[in-house]
Amino acid sequence: MNALVSDNGFVRPSEETAGDVVIIRPGIAGNLILGAVAAFISWGLYGAFSNFVVWGASSGMGTGEISVSISSIAGAVLVGIGGARWLTNEVDKKLLRTAATAAAASKASFDDSQRIAVASPAQAFNIAKKMYLE
């Protein structure tokens, strides 16, 4: 879902470098893993098995049959999407910060500044990197 709502699409995990700065782009695999972990944590906190005793004995109220509700599944999916989106935003922020630094250290170019203004964070990073290397 995160790949569909962001402008990154379904990219492979990769590294971007500009001088001494290395930016790790987790891609679709990283988003899937982080989303699954976030969804599992949400499900563990608020889902059907949140009161399940893993170790030891429990008796009394709350030990009836366990069921899974639509709200626990929906909550887990929502948290998973939010976790993946958070990761994407952090990577994009680092790409844009590095692009701004590279562009500021480069020779001014009106055309490149216009391209950066409408580019995705990864595209802005590549444009600024090219400006810096020229």
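This is a predicted model: local features need pLDDT of at least 70, side-chain atom pairs count only at pLDDT 80 or more; totals for chains, interfaces and linings use all residues.
**Entry 1: the paired strands**

Strand E1 covers residues 14-18, and five bridges link it to E2 in an antiparallel arrangement. I noted that E1 and E2 form a hairpin, with two residues between them. In the turn, Gly 19 has a positive phi of about 70°.

**Entry 2: Val 22**

I next turned to Val 22, which belongs to strand E2 (residues 21-25).

**Entry 3: the nonpolar core**

I looked up the largest nonpolar core and found that it has nine residues, among them Ile 23, Leu 95, Phe 125 and Ala 128. Two elements, H3 and helix H5 (121-133), each give two or more residues to this core. For Phe 125 I listed the contacts beyond four places in sequence, and they include Ile 23, Leu 95 and Ala 99. Phe 125 also touches Glu 16, Thr 17 and Ala 18.

**Entry 4: helix H2**

Helix H2 covers residues 27-46, and I compared its length with expectation. At 1.5 Å a residue, its 20 residues should span 28 Å; I found the end C-alpha atoms 28 Å apart, which agrees. I then listed the buried residues of H2: Gly 27, Gly 30, Asn 31, Gly 35, Ala 38, Ala 39 and Ser 42. Why do I place them on the same side of H2? They cover an arc of only 155° around the axis, and therefore they lie on the same side of the helix. On the other side of H2, I noted that Leu 32, Ile 33 and Phe 40 are exposed.

**Entry 5: Ser 106**

Finally, I located Ser 106 in the loop between helix H3 (70-104) and helix H4 (110-117). Ser 106 counts as buried because its relative accessibility is 15%, and the cut-off for buried is under 20%. Beyond four places in sequence, Ser 106 touches Ala 128, Met 131 and Tyr 132. A polar atom of the Ser 106 side chain lies 3.2 Å from the backbone nitrogen of Tyr 132.

Terms used. Residues are numbered from 1 along each chain as its sequence is written. Side-chain values use heavy atoms; hydrogens and water are left out. Helices (H or I, at least four residues) and strands (E, at least two) are DSSP runs, numbered from the N terminus. Buried means under 20% relative accessible area, exposed over 50%, partly exposed in between (1.4 Å probe, protein chains only). A polar contact is a pair of N or O atoms within 3.5 Å; within protein, one must be able to donate a hydrogen and the other to accept it, and residues adjacent in sequence count only if both atoms are side-chain atoms. Contact means heavy atoms within 4.5 Å. A nonpolar core is a set of buried Ala, Val, Leu, Ile, Met, Phe, Trp, Tyr and Cys residues joined through side-chain atoms within 4.5 Å. The expected span of a helix is 1.5 Å times one less than its number of residues. The arc is that of the directions from the helix axis to the C-beta atoms. Two strands pair if DSSP finds at least two bridges between them.
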